[in-house]
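Let's take a walk through this structure together. Have a look at it before reading on.

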Amino acid sequence: MSRFKKDNSRATPGISTASLPDIVFMLLFFFMVSTVMREQELKVQMKYPKATELKKLENRSLVSTIYVGPPAKNLEGTFGTAPRVQLNDVVANDVKEVRQFINDERAGKPENKQNKMTTSLKVHQDVKMGTVTEVKQELRKVGALKVNYSAVPNVSAMRDK
Amino acid sequence: MARKKRDTGEINAGSMADIAFLLLIFFLVTTTMDIDKGIQVLLPPWTPDQEQLDVKLKDKNVLEILVNKNDQLLVEGELTDVDELKKLVMQHIDNNGRDPDFSDSPDDAVVSLQNDKSTSYNRYIEVYDRVRAGYNQLREDFSQTNYRVSYEQADTNQQRTARSTYPMRLSEAEPTDFGEKEENQ
């Protein structure tokens, strides 16, 4: 005489998938908000050096980016293999074009924020310092003194610390 | 001819998940997490005719780091490994006159960095990063012993004190030109 009857007749109910869209939408929104679309097409090869003492670049609107690296594989025919400087979407013919680029960038920003502008130097790790120094000299001449050397975190060195 | 009144059927939302998945996959594939981290530096202002201010510094107050075209390091005339650089920099700055080879005080200590035109950018960043790490470690230690908080969490005044106790004086000399010349010959 059991008080609880075994109910063998009932089948296991199916798992409701009604909340699945909600979950997927949540993920979707996360990715839509957190990712940044790359504005420029890279025309030079890029491999960042590793470092530990990194700072995050703030105020993306006040950052102008200069790429330095060997031309991309499909552009080697036009530009050769020596490291080149890319400003906006074009590969510069001469390092001196950096000055014009910085002045143009400056002109587009409100005057009270111009001194807060940062130049992000994204340089391929195998580029020789001669090229980098030339770019730095141009930046100094034009008074763009705030510079950020782009690098990726050196995970193993950070762990050892 | 009256129409038969019909119940409006519910819209089937079963395919909503499929659509959302499609969008999700699109975003996953097309977007790249662009890195925007790096070493923040302030370049010295340009002097028109590159007139060098002839400041005489005591030799002991300057830690001289030379990097040649083969990415080898010469610190104070001795071949050194990059991994030892942070320790050397800290020893140099925080010497306070103990060791006659190193600086008199953190305020006097200068790190001088010179590389060749053929030094790789990778090595340059590595060296720069190690020097920076030395300074940051000293500031961190200062903050820990005096305020019992890490430098990151200390307030602005405390950070300023730590910074002025260990001011970063890094001078970058014009790169040498040995490597390029040899390549041209």
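This is a predicted model: local features need pLDDT of at least 70, side-chain atom pairs count only at pLDDT 80 or more; totals for chains, interfaces and linings use all residues.

Residues are numbered from 1 along each chain as its sequence is written, with chains lettered from A and ligands numbered from 1 in the order in which they are written.

Take α1(A) and α1(B), the latter spanning residues 16–30 of chain B: their axes come within 9 Å and cross at roughly 20 degrees. That makes the two helices roughly parallel (the label for angles under 35 degrees). On the chain A side, the contact includes A:Leu20, A:Phe25 and A:Phe31, while B:Met16, B:Phe21 and B:Phe27 are among those from chain B. Here, contact means C-beta atoms, placed from the backbone, within 7 Å.

Now for the largest nonpolar core, which has 46 residues; A:Val68, A:Val135, B:Ile125 and B:Val127 have the most contacts inside it. Such a core is a set of buried Ala, Val, Leu, Ile, Met, Phe, Trp, Tyr and Cys residues joined through C-beta atoms within 7 Å. Helix α3 of chain B, residues 121–147, gives the most to this core, with nine residues.

Finally, find A:Val44, in the loop between α1 and β1 of chain A. Is A:Val44 buried or exposed? A:Val44 is buried, because 21 other C-beta atoms lie within 10 Å (20 or more count as buried, 12 or fewer as exposed, and anything in between as partly exposed).

Terms used:
Helices (H or I, at least four residues) and strands (E, at least two) are DSSP runs, numbered from the N terminus. Axes are lines fitted to C-alpha atoms, for helices over the stretch in contact, and angles run from 0 to 180 degrees between N-to-C directions. Angles under 35 degrees count as roughly parallel, over 145 as roughly antiparallel, 65 to 115 as roughly perpendicular and the rest as oblique. Two residues are in contact if their C-beta atoms, placed from the backbone, lie within 7 Å.
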